[in-house]
2 protein chains.
Amino acid sequence: MTSTQYVVIGGVAAGMSAASRIRKHDPGASVVVLEKGAYISYSACSMPYYIANPEARLEDLIVLSADEARHKRKIDVRLGHEATRIDTAERLVHFVQHPSGREGSVRYDRLIIATGASAFVPSVEGAEGPNVYTLRSLRDGQAIREAIDTGEVRRAVILGAGYVGMEMCEALVARGVATTLISARSAPMMGYHTELVRTMMAELETHGVRFMGDQQVKTINSRGVQLTDSFVEADMVIVAKGIRPNVSLADDAGIRLGEKGAIAVDQRMETSLAGVFAAGDCAESVHRVTNRRVYVPLGTVANKHGRVAGLNAARVGTRFPGVISSAELKCFDLEIARTGMTPDEAEQEGFDPVEVHITASSAAHGYPERHPIQVAMVADRGTGRLLGAQMVGKAGVAHRINIVAAAVFNGNTIDEFAMFDLAYAPPFSPVWDPVLVAANVLQGKLRR
Amino acid sequence: MTSTQYVVIGGVAAGMSAASRIRKHDPGASVVVLEKGAYISYSACSMPYYIANPEARLEDLIVLSADEARHKRKIDVRLGHEATRIDTAERLVHFVQHPSGREGSVRYDRLIIATGASAFVPSVEGAEGPNVYTLRSLRDGQAIREAIDTGEVRRAVILGAGYVGMEMCEALVARGVATTLISARSAPMMGYHTELVRTMMAELETHGVRFMGDQQVKTINSRGVQLTDSFVEADMVIVAKGIRPNVSLADDAGIRLGEKGAIAVDQRMETSLAGVFAAGDCAESVHRVTNRRVYVPLGTVANKHGRVAGLNAARVGTRFPGVISSAELKCFDLEIARTGMTPDEAEQEGFDPVEVHITASSAAHGYPERHPIQVAMVADRGTGRLLGAQMVGKAGVAHRINIVAAAVFNGNTIDEFAMFDLAYAPPFSPVWDPVLVAANVLQGKLRR
């Protein structure tokens, strides 16, 4: 009996999840992981905290080292191996080795493509300059950290006010860097309710971050960023304007891309080519509420993709149940979180969204430490279905949003959700949890 | 057109929830609330924090004052009115007024019984002594606080190591009172996983609380508590051995009691007598997983009971969807929480429970502040259904348990739960949340 040879392209979240599942369920197989970088299985999301903390070591970000993967999990991890071409007829992946430049190839019976995504950098003059950084690979994080460690970065500009941009504000301020956050939009955190965004902007201001909205970057040079009407001086420019899936390898091999530009997959994470799976930031997902294709490149999703792709590659049939765009971040003393759809997204999908915004207390009457928690919640008028929520508060938001996530994932109506039997104690919430208060207000609004 | 007269017996959580719903949905009605005490609508659960904090005022516990209820909500609140008899033939509630002793009665078209529960005090010699306290009504809390405020309580004994007993340990230690926690069982917090209980006991010890298990109280006197083999000196004895539903009023009126000894109700919270509803700590619930009658006297449940009873009394049809025994507490620096069934409870209900216990990190690789979170999780072998979970940790437990509560409430299998799309950021959890890690380990165990 010959054993199956699995090849995984990319050894970070999705790739290593897939490889580990294959190893577990097909113990006799050969599992090869081609990783172009110097590390596998690292927590890219933790890089802002590595940058913020001069005591933190790069190794702290590594969840599983290549040596551990090789020896403990018997996965043939090959670092510095960049896949260059997939030959689907011969079932070969061609690669080039770094830094030697030596070329080679590896045969596969089953292939997992986990090539991830790349930071999007706008094509303005100076965007390739040495003072311009992105935050995507471990090497990117290392470069920012080393630059700050020199003590010569006094002023920084962050372009893009999404999750990474907001987290980097905290990291840079922690290192004593005067920070300006610049967005093409009028406010940070697109899609969040106006009242929640107001709280976020106040938090940025409290911590000395200057926010500049409605700005177009004209050029970047070594002294800073030229906007339409002003020049912002900066020793460091961090571009945090989102990412694009790495799909050329798949595209060149004739594998179908989806409507969102990432690799199209079925619920088993299999691509248009039988025996070839895709997972993580290079692959599309299905939205659980709408059943539509979406591109949600997040670490949580990548890990689940990888697990499902690996299981199916190893012939343990399972389906990816879809995403609901749950995401969150910490920004200074605020927890900011969302799950499900915004009213705009819901409307685009044909729902009739009804939204409420409430402010509730984090703790019960009579408990000394309390702070406000803002909740925006949206449901469909016709069906009463809970579609999503957003929250902001100093604490008690990051896990609480996942109660709503569980409900959206289950397709609960607002009436069902409002009667959830949630655990309660005075230090942790009022007797009606803020999410239930929001649901109750929303029930009233739906009945009108 | 004559308006409906609603009478509510009891003005705390369930009673005032019912009254408020009735007022909202039947604006022309007369709503009378008979409350035997001096306050309505207070947070009884917050009393340990009122006792712990010398700055806290009793008024801080009041969610809604009688005056506010009268003027803002047009509810006819009658304080010091103790219902003594329900005349179901004449539809009258007889009462006695305190302190005058004057008697009277009020007619009802629809009646809500929300008579609550009373602390259980074992019948040992000295249990009625002036140094023996319970913690049930606001007056109880006031009495403990006043005693401690005198500065003469140096040593206290708490009898009973459940939720209230554990919370009172923290409160007494905060006031400099040397505290001994005494239980008839070998360990505190019955039903919790051995490993979680071990962590709780270590926490008690860290904060100087002496735990004495397997103890029987023989007598109580002004100097302390006589156990079988030893005498424990104490200036104050707090009995926290659970509560019993106040059902005599209903029972005497011929209203059916349930198998758990509380008032039997249908899903609309209506008793065996048409037009008479019961809600809160005097009434039974249905368990959502087993469909069996249970007695779960908690503030969260009481509020929901009251809401459902009030809506149905006001002819807005709605059903109480059941409880899953979600509960939690803070004890010093620990959050302790559970939802759903324990393995023992599951086995009694005919399930084939499979349990796992894991310890996971509260935050991602590379985030500086991390602490362990223990999760015990149980599922049914045959169906894969998620039955319950328990958690202990320094933070991140109180809201996280409610993600599991949402899943148990929905009847999710462990496979469904393991793929929940939860929001994630490095400060708040690893990329696989501890509850998903537990689910994953449980999946593996179920497949064996």
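Student: Where is Met189(A) placed?
Tutor: Met189(A) sits in the loop between strand 11 (178-182) and helix 6 (194-206) of chain A. Helices (H or I, at least four residues) and strands (E, at least two) are DSSP runs, numbered from the N terminus.

Student: What is the phi of Met189(A)?
Tutor: Positive, about 55 degrees, although Met189(A) is not a glycine. Most residues other than glycine have a negative phi.

Student: What sort of model is this, and what are the ground rules?
Tutor: This is a predicted model, in which local features need pLDDT of at least 70 and side-chain atom pairs count only at pLDDT 80 or more, while totals for chains, interfaces and linings use all residues. Residues are numbered from 1 along each chain as its sequence is written, chains are lettered from A and ligands numbered from 1 in the order in which they are written, and side-chain values use heavy atoms, with hydrogens and water left out.

Student: Which peptide bond in chain A is cis?
Tutor: The one from His98(A) to Pro99(A) is cis, with omega near 0 degrees. Pro99(A) is in the loop between strand 5 (92-97) and strand 6 (103-107) of chain A. In chain B, the bond from His98(B) to Pro99(B) is cis too, again with omega near 0 degrees. Most peptide bonds are trans.

Student: OK, new topic. What rotation puts chain A on chain B?
Tutor: A rotation of 180 degrees with 0.0 Å of shift along its axis, giving an RMSD of 0.0 Å. That is the relation of a two-fold axis. The superposition is by least squares on the C-alpha atoms of residues with pLDDT of at least 70 in both copies.

Student: Which residue of chain A comes closest to the axis?
Tutor: Ile403(A), whose C-alpha is at 2.3 Å.

Student: How many residues are in contact between chain A and chain B?
Tutor: 65 residues of chain A contact 65 residues of chain B, where contact means heavy atoms within 4.5 Å. The copies meet through the same surface, because 100% of the interface residues of chain A are also interface residues in chain B.

Student: And how much area do chain A and chain B bury?
Tutor: About 5600 Å² between them, with 62% of it on carbon and sulfur atoms. That is the accessible area (1.4 Å probe) that the two parts lose on being put together, summed over both. His399(A), Asp421(A) and Phe428(A) supply 14% of the area that chain A buries against chain B, more than any other three residues.

Student: What is the count of salt bridges between chain A and chain B?
Tutor: The count there is 0. A salt bridge here is a side-chain nitrogen of Lys or Arg within 4 Å of a carboxyl oxygen of Asp or Glu. Between the chains there are, however, 29 residue pairs in polar contact, both residues at pLDDT 80 or more. A polar contact is a pair of N or O atoms within 3.5 Å; within protein, one must be able to donate a hydrogen and the other to accept it, and residues adjacent in sequence count only if both atoms are side-chain atoms.

Student: Which element of chain A gives the most to that side?
Tutor: Helix 8, with 7 residues.

Student: How many salt bridges are there over all chains?
Tutor: The structure holds 34. Lys72(A) and Glu68(A) form a salt bridge, with the closest N and O atoms 3.7 Å apart. They are 4 residues apart in helix 3 (residues 66-72) of chain A, so about one helical turn separates them.
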